[in-house]
Amino acid sequence: MQVSMSVNGDEVTEEIEARMLLVHFLRDQLGLTGTHWGCDTSNCGTCVVWMDGEPVKSCTVLAAMAGGHEVRTVEGLERDGELDPVQQGFMECHGLQCGFCTPGMLMTARALLDRNPSPSTDEIRQAISGQICRCTGYATIVRSIQWAASYEAAATVGSAS
């Protein structure tokens with residue numbers, strides 16, 4: 001079957017098998033390998049992407065179901081060669097170790113900050129509770145998201161002056 005959707009702002013149309021998962025469509029058909037495939041059971045969260053602005057676990061969505069929708073992957077976070085503040089925060093605060101969970105964490109964190117620019121530690125932990133990180137213990141991930149929130153708040157204050 002044929003599926004068409006917007007991926008990171010680009011319109012794509014591809015032939016797919018009806019049973020193909022969105023994670024495999026993104027990785028195998030489009031070559032967007034930033035989205036990781038972990039458990040295939042929706043437990044780990046490494047495959048989080050956005051569909052119409054909402055985080056979804058792409059191992060639970062058929063590519064055909066994404067037809068006509070807007071999909072954003074971790075590759076779509078940076079803009080005009082500039083890292084998203086969440087990406088920058090993960091670098092500044094060492095929010096990754098092996099990096100396997102990082103794409104899903106980044107997409108979830110960006111969604112959180114878009115909804116709540118100044119989340120508490122508990123709100124950050126709640127937002128990322130659907131993601132498994134086996135390396136960091138989450139403390140550096142939480143600090144990374146807090147760094148991004150502070151960076152964006154300072155940028156907002158700076159641009160208002």
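**From values to words**

Trainee: Why is Q87 called buried?

Mentor: Q87 has a relative accessible area of 14%, and buried means under 20%, exposed over 50% and partly exposed in between, found with a 1.4 Å probe on protein chains only, so Q87 counts as buried. Before we go on, keep in mind that this is a predicted model, in which local features need pLDDT of at least 70 and side-chain atom pairs count only at pLDDT 80 or more, while totals for chains, interfaces and linings use all residues. Residues are numbered from 1 along each chain as its sequence is written, and side-chain values use heavy atoms, with hydrogens and water left out.

Trainee: Where is Q87 found, and what does its side chain reach?

Mentor: Q87 is in helix α2, where helices (H or I, at least four residues) and strands (E, at least two) are DSSP runs numbered from the N terminus. Setting aside neighbours within four places in sequence, Q87 is in contact (heavy atoms within 4.5 Å) with V74, L77, E78 and L106.

Trainee: How do you know whether T60 is buried, exposed or partly exposed?

Mentor: The relative accessible area of T60 is 46%, so T60 is partly exposed. T60 belongs to the loop between β4 and β5, and a polar atom of its side chain lies 2.7 Å from the backbone oxygen of K57. The C-alpha atoms of T60 and T41 are 7.5 Å apart, although the two residues are 19 residues apart along the chain.

Trainee: What makes W147 and Y151 an aromatic pair, and how are their rings arranged?

Mentor: Rings of Phe, Tyr and Trp (its six-membered ring) pair if their centres lie within 6.5 Å, and planes under 30 degrees apart count as stacked, over 60 as edge-to-face and the rest as tilted. By this rule the count is 1 aromatic pair. The centres of W147 and Y151 are 5.1 Å apart and their planes meet at 15 degrees, so the pair is stacked. Both residues lie in helix α5 (residues 139–160), 4 residues apart, which is about one turn of the helix. W147, at 24% relative accessible area, is partly exposed, and Y151, at 38%, is partly exposed as well.

Trainee: How do you know that strand β3 pairs with β4, and in which sense do they run?

Mentor: Two strands pair if DSSP finds at least two bridges between them, and 4 bridges join β3 to β4 (residues 54–57), with the strands antiparallel. V49 has V56 in β4 as its bridge partner. The hairpin of β3 and β4 has 2 residues between the strands, and there D52 takes a positive phi near 55 degrees. β3 also pairs with β5, again in the antiparallel sense, over 2 bridges, and M51 stands opposite V71 in β5.

Trainee: What makes you say that both faces of β3 are covered?

Mentor: In a regular strand the side chains alternate between the two faces of the sheet. In β3 (residues 48–51), V48 and W50 on one side and V49 and M51 on the other are all buried.

Trainee: What makes a group of residues a nonpolar core, and which members of the largest one touch the most others?

Mentor: A nonpolar core is a set of buried Ala, Val, Leu, Ile, Met, Phe, Trp, Tyr and Cys residues joined through side-chain atoms within 4.5 Å. The largest has 22 residues, of which V86, F90, M105, I141 and I145 touch the most other members. Two or more residues come from each of β3, α2, α3 and α5, and α3 gives the most, with 7 residues. Apart from this core lies another, of 17 residues, including V12 and F25.

Trainee: Why is D80 called exposed?

Mentor: D80 has 81% relative accessibility, so D80 counts as exposed. D80 lies in the loop between β5 (70–72) and α2 (85–92), and its phi is near 50 degrees, a positive value in a residue other than glycine.

Note on methods. A polar contact is a pair of N or O atoms within 3.5 Å; within protein, one must be able to donate a hydrogen and the other to accept it, and residues adjacent in sequence count only if both atoms are side-chain atoms.
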